[in-house]
Amino acid sequence: MDFNMKKLASDAGIFFTRAVQFTEEKFGQAEKTELDAHFENLLARADSTKNWTERILRQTEVLLQPNPSARVEEFLYEKLDRKVPSRVTNGELLAQYMAEAASELGPNTPYGKTLMKVSEAEKRLGAAERDFIHTASLSFLTPLRNFLEGDWKTISKERRLLQNRRLDLDACKARLKKAKAAEAKATCEGDLWNDEVDKAEQELRAAQTEFDRQAEVTRLLLEGISSAHVNHLRCLHEFVKSQTTYYAQCYRHMLDLQKQLGSSQGAIFPGTFVGTTEPASPPLSSTSPTTTAATMPVVPTGAGLAPPEEAALCLEEVAPPASGTRKARVLYDYEAADSSELALLADELITVYSLPGMDPDWLIGERGNKKGKVPVTYLELLS
């Protein structure tokens, strides 16, 4: 018990000495040992790495799981070392609702059949999203968390020890300075002050040794930040790879869905996509536009149609069928890829019709005395 009390008193004395030294430094009443420029650069680099790693980690979590309540729940499960329960993705939930709607509204109706097709596509999108979240969490988020909870905590601990060693060193320097000043003023107590100076010098040497040792340990850890950067770079490449795979899968699924829906449009809107019994006009060509915005629908290509030159020559000779013309509202701006196509402006009304032999994903559009091919995906057909 006596030993513990002595140790407690010693620790309290050290803490008080450090507090006094720290306070005097803040008020400019005590000198402070400065670290060299290289060491300060290492500290700044480490702090910057930690701050940006935290920001990237948090925002990546938001990207993978936008729901804040779900993120809190997953965080609690991880802290309790429990397995996070499987969660249905938004795409899978939408697929479930669409399948149930199709079953109730009539799976054999055009609307019900389309709902089922979109439901299957959304289900595949949801499964791809689940795989992406799992892969990104393992290959990117986990290494970042390990750095913050492992390496950075070790660095922070050693930096606090270095700060304490520096305060001890500067306190010893201040005591030695006071002892020498008192020795110079003393006249009759020279031996006493000599002993105080010797004791202060001995404490200073010990404090300097402890400080140098701790500075070297901290320096080695700070220089290890470069290795952390290399590891984070590798993880970033893995994240980009998984994200590329995810979006490629989504693109393929949606392209397949668009083809399925395009092939069924002729059956759904026979008055629009089926030609009349009049003699067939020369087939028109289509060139996939290359300048449409990223938010616009994918414009289908017109495989098997005539070259643009022939289409441009025959376009003015094409007459609308006796029946089967409809009004359509333009949903998005569209820039014509060649002279056989008609440029569109959002919200304008045009007359559209189909001709025998045309790709079902394209229609002939008329606006005044102008005529050209237009993509179906840019139109809302009106009655």
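The accessible surface of the protein chain comes to about 23,400 Å², of which 57% belongs to carbon and sulfur atoms; areas come from the Shrake-Rupley method with a 1.4 Å probe, and for residues only the protein chains shown count as cover. This is a predicted model, in which local features need pLDDT of at least 70 and side-chain atom pairs count only at pLDDT 80 or more, while totals for chains, interfaces and linings use all residues. Residues are numbered from 1 along each chain as its sequence is written, and side-chain values use heavy atoms, with hydrogens and water left out.

**Overall make-up**

- The protein chain has nine helices and five strands; helices (H or I, at least four residues) and strands (E, at least two) are DSSP runs, numbered from the N terminus.
- Along the sequence the pattern reads α-α-α-α-α-α-α-α-α-β-β-β-β-β.
- Of the 383 residues in the protein chain, 33% are buried, where buried means under 20% relative accessible area, exposed over 50%, and partly exposed in between (1.4 Å probe, protein chains only).
- Among the contacts in the protein chain with a separation of 6 or more, 70% come from residues 24 or more positions apart; a contact means heavy atoms within 4.5 Å.

**The sheet**

- Five strands form an open sheet in the order β4-β3-β2-β1-β5, with antiparallel pairing; two strands pair if DSSP finds at least two bridges between them.
- The edges are β4 (370-375) and β5 (379-381), each with a single partner strand, so one side of each has no neighbour in the sheet.
- Neighbouring strands of this sheet are turned by 40° against each other on average, direction ignored; axes are lines fitted to C-alpha atoms, for helices over the stretch in contact, and angles run from 0 to 180 degrees between N-to-C directions.
- Strands of a sheet pair through backbone hydrogen bonds, either parallel or antiparallel.
- Four bridges join strand β1 (residues 326-330) to strand β2 (residues 349-353) in the antiparallel sense, and Arg 326 stands opposite Val 352 in β2.
- The antiparallel pairing of β2 and β3 has three bridges, with Val 352 opposite Gly 365 in β3.
- Between β3 and β4, which run antiparallel, there are six bridges, and Ile 364 faces Lys 373 in β4 as its opposite residue.
- The hairpin of β3 and β4 has two residues between the strands, and Gly 368 takes a positive phi near 65° there.
- Strand β3 (residues 362-367) is largely enclosed by the rest of the structure, because five of its six residues are buried.

**Salt bridges**

- The count comes to 15 salt bridges, a salt bridge being a side-chain nitrogen of Lys or Arg within 4 Å of a carboxyl oxygen of Asp or Glu.
- Within helix α2 (residues 37-64), Lys 50 and Glu 54 are four residues apart, which means a separation of about one helical turn; their side chains form a salt bridge at 3.4 Å, N to O.
- Lys 50 is partly exposed at a relative accessible area of 21%, and Glu 54 is partly exposed at 24%.
- Arg 145 and Glu 61 form a salt bridge whose closest N and O atoms are 2.8 Å apart. Arg 145 lies in helix α5 (residues 110-185) and Glu 61 in helix α2, so the pair ties together parts that are 84 residues apart in sequence.
- Arg 145 is buried, with a relative accessible area of 19%, whereas Glu 61 is partly exposed at 22%.
- Arg 329 and Glu 380 meet through their side chains in a salt bridge (2.7 Å, N to O). Since Arg 329 lies in strand β1 and Glu 380 in strand β5, this pair ties together parts that are 51 residues apart in sequence.
- Arg 329 is partly exposed, with a relative accessible area of 27%, and Glu 380 is partly exposed at 33% relative accessibility.
- A network of salt bridges links Asp 36, Glu 216 and Arg 219.

**A buried helix position and a surface patch**

- Gln 214 is located in helix α6 (residues 190-223) and counts as buried at 2% relative accessibility.
- Leaving aside neighbours within four places in sequence, Gln 214 is in contact with Glu 158, Leu 161, Leu 162 and Arg 165.
- Val 88, Leu 93 and Tyr 97 make a nonpolar surface patch of about 280 Å²; patches are made of residues with over 30% relative accessible area and no salt bridge, with like charges joined within 9 Å and nonpolar side chains (Val, Leu, Ile, Met, Phe, Trp, Tyr) within 5 Å.
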